[in-house]
Structures are given as C-alpha cells and as structure tokens.
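Here are my notes for anyone opening this one for the first time. Keep the viewer at hand and go through the points in turn.

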Amino acid sequence: GARYLLAALSTAGLVLAPIPASAADDGDHGPRFSPGSAGVGDPYFPLAGNGGIDVEHYDLELRYTPPAAEPAPLEGHLEGTATIDLEATEDLSRFNLDLRGLTVTEVEVDGRRATFTQQENELVVTPRRGLRDGKDVEVVVEYGGTTGRPLDATGALYGWVTTRDGAMVANEPDGAATWFPVNDHPTDKATFTFAVAVPEGLVVAANGLLVDRSTEDGLTTWLWDASEDLMAPYLATASIGNYRLSTSTAAGVPVIDAVDADLTEPNARQTAATLALTEDMLEFFEGIFGDYPFVAYGSIVDDDSVDYALETQTRSLFSLVADEATAAHELAHSWVGNAVSPERWSDIWLNEGWATYGEQLWTEHRGGRTAQQQFDALMRTPANDPLWTVRVGDPGAANMFAGAVYLRGAGTLHALRLRIGDDDFFDLAREWVGRYDGAAASTADFEALAEEVSGEDLDHFFDVWLRTATRPANW
Ligand code: ARG
Ligand code: ZN
C-alpha cells in the first residue's frame, strides 16, 4: 500500500499527500529489482520457460474459428484471455512469458495495466511496480491472431496445429507458446482450467474433466477442469474436431474418449478395439508403477495427423488411429513423463525409454514377444546402426525423438533389470514414481535412486548405456 505524509493541517481536517517516490519508495523500482531471465537455462531450448516466476494456475478462455472451406489455407483464428496466477521467485522489475506467433493487445498485473513488448518467443511484462520475491500476482493477457501449422526443432508438426475441421494440439517440447502465454518448461508445473468457444457442432477435448458446455448464438463453450493435478505445459491440449465423446469408468478412473466421427476403416474399428482395452491397460500399469496418478483418463483420436501420438495429460492424443502398442505407450507416460517429468529436455530418455519399456511389458503380457526377446532383438541390431551412435542420456535437441532414445532407452531399463534383479527393478519403478510424483527429476536422480534401491555401484553401467556412442558390450 502507498504511504502518506502528513502534509498539512487545515480547518478541513487532515490532508494527506503521497510520499514522492524518490524520497521514500519501498525500493520496488530500485536497484535490488532486476529483470527475470528469458529462459530457465535448458541448453536444448534456451528461451523455454523464464526466470523468476513460478506459475500456479492457467485459466485459458479461448475463442477459435477453424479454417474456411477448402481450398482456403489451413489457417484458423484464435483469440484468448489467459489469466495466470504466478509467484515471483526473485525481486523482479519485469518478467517474461513465452508466446510465439500471436499478438498481445493488453496485459494487466493485479488489475493494473502493465507495459509489455513482444520479441520472437518472449512476452516481456513490466508491472507498474516491481514484484518482491514471494509475491503472488494475477496476470491477465489478452491476445490473438492467425493459427497455422508450427514445426518443432526436428521439423515435426506441433503446438496449435490447425486442421481442416479444428486443431490438434500437441506441445512437446516447447509448443505451448504457440497458443497461450506460458512458462513453458516441465520444471514449472501448474493447474489448468479451459473455456473454449467453437462453432456449434465442433467438440473441444482438453485435459481433465468436462464440467459444462453451453451454446449461444451458434457458439458452443466447452469448460474443462484440470485443476486437481499439476501438469507441465507441454502436456496441455484443447484439441478440436468432429469428435464423438464417450464417458465410462475403468479401474475406478473416469474415462472420457473423443473419437473423430470421420475416421475411416480399418482405423475406426482398430481404434474401438484398442480403447476397449483401457481398463486392462490401466490395471496392468498400476501393477508396475502404482496407482494411476490423475483424476481422469481418455483418448483423443483425430482423423487428421501430426504423424505421432502424444501423452497429453489425462487425454492422450492420436493421429488417424489408436493402435494397441501406441496406446499402451501413451498410457504408460501418465506415470513416467507426466507424473514425473524430465528436469531438462536432455533427460528425455527417462520419458521415452520408460514408456517404450512399458509398451514392451504390455506386449509380453498380451502373449506377444517377451521383454527379453525384444531386448535380444535390439542387441542383434548391427553395431554400425545409427541406433548405437546416439548418446541417449543427452541426445541433442535434434535427436530427442530419435528411435535410439526410445529403443536404447528401453534397452537400458531391461539391462538394468537383468543387472539388479526383478525385485529391485520393480521396486525402483514404483519408488521413482512415488518419490517424484508431481515434480521433475533428472537422469542423475534416476541413477542415484537405482543405486539406492539396489545397493550397487552403477556408474559404469549407466556410462555404457547412456553416455557411450557404441553398442553396449560389457556392462
Ligand atoms: N512423446 C511422444 C511419444 O513418444 C512423441 C512426441 C514427438 N513430438 C515431437 N514434437 N516430435 O509418445
Ligand atoms: Zn513416448
């Protein structure tokens, strides 16, 4: 609050005047307040996330118009109001959020207009007064613009991907900034709520639970609540299409599937067969990793494609079809990747290796090749195969989703199982999720836990599997 000087006494009573800022300001424009950095310091994505802020909640109110009928270009129109509750974690004169390709028209901090500028990936917000370390504020950003089909560092579609009849929204690793202002790094998890308005007839499938839908003047607003669970921004989605929603319960978990009514055969049939297995899969992975960690699950299957599937939290996203192995993989990510997130993107093998190993265990469970047979096949891959030249413990931004990260990552886990034995290995799986649920953890954390659980020195083992660009021979 402002402080006042007793300025004068008059017959009218006490007259108060503000203390001039230069004389008695708290110092919140002073030298101890400095700008938050433009990134959290992740070497793969230097501008991802931001310094000095910790987001607690994103409330995203969006209005979306999909592309006009073909042959119009695949461009949509998005307008948004993002209300972001965040805490300053340093004395900040200003702070950044990540936002790319959309134009901001107004920013308020605690109800007062703030000044702002936009650079390529950064929205820079300067509040009227600096923010003290520990201060909670509400930041409201009004923004909008044209949506297209963004590409990630490897050339894959990601972010808000405009489709013929809606959008497929898949942010990994740094694509959340293509549709909302965000502290876009898995080390800053937050809760989310969504209110998305689309032309009547289209369906919005976001994270969490559907709480309401209402139609007015040809626009249907879909309210989704993901405020029970912490979520990394790259796992947020608000995909839009000609979906059929169906609700059920599996292993005590509410399941909401959104399957595109326009799927063709045999994809529609195969998808239905896969989704019928959700309960078995949930129970199977609970047996490995412990209780399912979120309030809900479900799948979005779009008749359009981003050429991959994504473990969007509580609502996995599939292109064209949900096949059984991929569905098992994405569900496994709920525990490994979503509940426990990578500390740095160089730790991506912890996501993909574990989810791939989960997929392999499911295949064995269903009477297919055993995990051992799949491991043996991997080890028969010729020594000069590109699979062996990637150091999966730090593969580089261009190789984050390379086959090696998935297969050598899974092989690392199977080899670890052979090395420390089944009891310790499955204890480790549970303890990994139990200890780091709701947080982010690193490869070093994993190595330390494996040594703790097994009581063995595993330095050489992990050097060979994660940090050597050759096919492992002696470990
Ligand atoms: N995490 C996804 C999966 O393996 C793959 C995401 C690929 N993303 C990308 N931007 N290339 O289930
Ligand atoms: Zn995966």
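1. Let's begin inside: His333 and Glu352 are both buried. One thing to keep in mind throughout is that this is a predicted model.

2. What are the protein donors of the zinc ion (ligand 2)? They are His329 through NE2, His333 through NE2 and Glu352 through OE, lying 1.9 to 2.0 Å from the ion. His333 and Glu352 link distant parts of the chain, being 19 residues apart. His333 sits in the loop between helix H4 (324-332) and strand S22 (340-342), while Glu352 belongs to helix H5 (residues 348-365). Along the chain, the donors of the zinc ion (ligand 2) show the spacing H-x3-H-x18-E.

3. Stay with H5 and look at how it packs on helix H8 (residues 422-436): the angle is about 130° and the axes are 14 Å apart. Angles over 145 degrees would count as roughly antiparallel and 65 to 115 as roughly perpendicular, so H5 and H8 are oblique to each other. Their crossing is left-handed. On the H5 side, Leu350, Trp354, Tyr357 and Leu361 take part, and they meet Phe425, Phe426, Ala429 and Trp432 of H8.

4. Next, find strand S19 (residues 253-260). Seven of its eight residues are buried, so S19 is largely enclosed by the rest of the structure. Strand S18 (residues 243-250) runs antiparallel to S19 and is joined to it by eight bridges, with Arg244 opposite Val259. The two strands form a hairpin with two residues between them, and in that turn Ala251 has a positive phi of about 50°. S19 also pairs with strand S20 (residues 299-302), this time parallel and through two bridges; here Ala258 stands opposite Ile300.

5. There is also an open sheet of three strands, in the order S5-S9-S8 and with antiparallel pairing. Strand S5 (95-98) and strand S8 (115-118) are at the edges with a single partner strand each, so one side of each has no neighbour in the sheet. From one strand to the next, the twist averages 25°. Four bridges hold the antiparallel pairing of S5 with strand S9 (residues 122-126), and Asn96 has Val124 in S9 as its bridge partner.

6. Is Val203 buried or exposed? With a relative accessible area of 8%, Val203 is buried, since the cut-off for buried is under 20%. Val203 is in strand S14 (residues 203-206), and its contacts beyond four places in sequence are Trp222, Ser239, Ile240, Gly241, Tyr243 and Leu245. Val203 and Thr220 are 17 residues apart in sequence, with their C-alpha atoms 8.4 Å apart in space.

7. Two cis peptide bonds deserve a look. Glu172 and Pro173 are joined by one, with omega about 0°; Pro173 is in the loop between strand S12 (166-170) and strand S13 (190-199). The bond from Glu265 to Pro266 is cis too, omega being near 5°, and Pro266 lies in the loop between S19 and helix H2 (267-275).

8. Finally, some backbone angles to check. Asp217 is not a glycine, yet its phi is positive, about 50°. Asp217 lies in the loop between strand S15 (209-216) and strand S16 (219-231) and is exposed, with a relative accessible area of 79%. Leu320, also not a glycine, has a positive phi of about 70°. Leu320 is in the loop between strand S21 (316-319) and H4, and is partly exposed at 35% relative accessible area.

Note on methods:
Residues are numbered from 1 along each chain as its sequence is written. Chains are lettered from A and ligands numbered from 1 in the order in which they are written. This is a predicted model: local features need pLDDT of at least 70, side-chain atom pairs count only at pLDDT 80 or more; totals for chains, interfaces and linings use all residues. Side-chain values use heavy atoms; hydrogens and water are left out. Buried means under 20% relative accessible area, exposed over 50%, partly exposed in between (1.4 Å probe, protein chains only). Two strands pair if DSSP finds at least two bridges between them. Donors are N, O and S atoms within 2.8 Å of the metal (3.2 Å for Na, K and Ca); water is not among the atoms, so sites may look incomplete. Axes are lines fitted to C-alpha atoms, for helices over the stretch in contact, and angles run from 0 to 180 degrees between N-to-C directions. Angles under 35 degrees count as roughly parallel, over 145 as roughly antiparallel, 65 to 115 as roughly perpendicular and the rest as oblique. A crossing is left-handed if the near helix is turned anticlockwise from the far one by less than a right angle, and right-handed if clockwise. Contact means heavy atoms within 4.5 Å.
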